[in-house]
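Here is a short briefing to read alongside the structure. Take a look first, then follow the points below by topic.

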Amino acid sequence: MSEPINRRDFIKGTAAVIGGLITAVIGLPTIAYLIDPALKESAEEAWIPVGRLEDMPVGRPAPFSFTRVQVNGWERTATSHGGFVLRRSDDPADLLILNSRCTHLACTVNWSENDQVYLCPCHDASFSRDGEVIDGPPPRPLDRFTEFRVTEDGVLEIFYQEG
Amino acid sequence: MLKRLFDWLDERLGLNDLHRNLLDRPEPQGNWWNTLGSASLFLFILQGATGIFLTVYYTPSPDHAYDSIQYIMEGVAFGWLIRGIHHWGASLMVLIVFIHMLRVFVTASYKYPREMTWLVGIGLLLTTIGMGFTGYLLPWNQRAYWATTVGTQIAGSVPFMGEFILKALRGGPDLSALTLQRFFAAHIWMLPAALAGLIGVHLYLIIKHGESHFPTKED
């Protein structure tokens with residue numbers, strides 16, 4: 001049999017184990033507490049009406065905007081969203097719906113009728129009518145709302161998904 | 001390898017000297033009553049840590065104080081635990097500090113050369129109670145509101161300058177957003193800073209004088 005553990009080493013050992021346990025019991029919940037908002041999923045989706053299709057001109061992007069309200073912690077936060085509907089022909093299904101959120105750093109792009117491009121005021125990016133990057137820092141074309149429908153009263157609705 | 005690393009650090013930081021002078025002190029015969037000061041210190045650190053974490057979600061505004069605490073209790077992972085520790089730790093700290101004072105009184109440890117340690121200790125007791133008083137308002141529920149109404153009213157009953165004290169505590173004649181904000185500032189900045197400073201002096205004096213012996217029959 002090995003040498004029996006002496007009193008001093010026993011105290012040291014138990015103190016270390018109990019101290020470690022206490023640290024873990026307090027420490028791990030604390031980390032969860034701090035990063036909790038980052039772990040929450042916000043999967044919201046909805047059909048958003050953006051306007052009557054007959055009011056939108058063919059061949060020219062028509063802007064629209066809508067507001068989503070979310071509950072963040074103890075506060076309701078309203079976030080604005082926007083985009084452009086481009087009717088490429090008279091066919092009510094032949095639509096290109098772009099999100100006006102710049103793919104670089106999330107500023108809002110505007111349609112410039114003179115230059116026939118979308119311009120981002122923050123870093124001078126420009127996108128073509130189809131949303132492709134022409135110039136500037138954006139890493140990818142403007143996002144599209146690919147799912148849409150027209151109701152019986154002729155109102156265009158887009159399918160919006162959070163995140 | 002570890003030994004060499006330690007020696008390198010020790011040569012530059014004086015770790016062995018620190019250990020010898022601060023921790024390896026002669027102590028009187030062990031007695032559980034002598035651990036209450038260390039227990040108070042531990043609770044101070046615990047309250048400080050949990051308090052810092054609570055400020056991550058708490059908002060000291062009449063509109064949101066109550067809701068933000070509801071959110072801590074129900075919306076955030078382990079929020080109930082952090083707040084629970086802070087809540088119960090606060091009561092426990094007042095209790096432990098008070099029993100610590102009683103022990104020092106009963107064993108006559110406040111006598112020469114430790115009078116200053118006792119006086120600083122009085123400051124620590126009052127500041128601790130101040131922490132309790134200011135922290136009590138922060139949940140901004142009915143109990144907190146009326147307890148502070150009564151508490152500040154009592155302070156306002158001081159002759160001659162009572163009204164001034166009442167207004168200074170409340171930040172105006174009424175309990176308002178200003179009251180909540182200044183209680184919050186006192187609770188997380190002013191009083192903890194005072195407490196930390198006083199604890200530093202208190203600990204220095206304990207290390208300087210060592211702990212007192214328990215009185216014997218001959219004393």
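In this predicted model, 24% of the 219 residues of chain B count as buried. The C-alpha trace of chain B spans about 55 × 50 × 30 Å along its principal axes.

**Chain B: overall build**
- Chain B has 9 helices and 0 strands, so that, from the N terminus on, its elements read α-α-α-α-α-α-α-α-α.
- Among the contacts in chain B with a separation of 6 or more, 72% are made by residues 24 or more positions apart.

- B:Ser61 sits in the loop between helix 3 (36-54) and helix 4 (65-74).
- The C-alpha atoms of B:Ser61 and B:Leu180 are separated by 6.9 Å, although these residues are 119 residues apart along the chain.
- B:Ser61 has 15 other C-beta atoms within 10 Å, so it is partly exposed.

**Chain A: positive phi outside glycine**
- A:Ala106 has a positive phi, near 70°, and is not a glycine; you will find A:Ala106 in the loop between strand 4 (95-99) and strand 5 (110-112) of chain A.
- A:Ala106 counts as exposed because it has 9 C-beta neighbours inside 10 Å.
- A:Gln116 is not a glycine either, yet its phi is positive at about 60°; A:Gln116 lies in the loop between strand 5 and strand 6 (117-119) of chain A.
- A:Gln116 counts as exposed with 12 C-beta neighbours inside 10 Å, because a residue is exposed if it has 12 or fewer.

Conventions: Residues numbered from 1 in each chain as written. Chains lettered and ligands numbered in written order. Predicted model: local features only at pLDDT ≥ 70, side-chain atom pairs only at ≥ 80, totals over all residues. Helix = DSSP H or I, 4+ residues; strand = E, 2+ residues; numbered from the N terminus. Buried ≥ 20, exposed ≤ 12 C-beta atoms within 10 Å, placed from the backbone. Contact = placed C-beta atoms within 7 Å.
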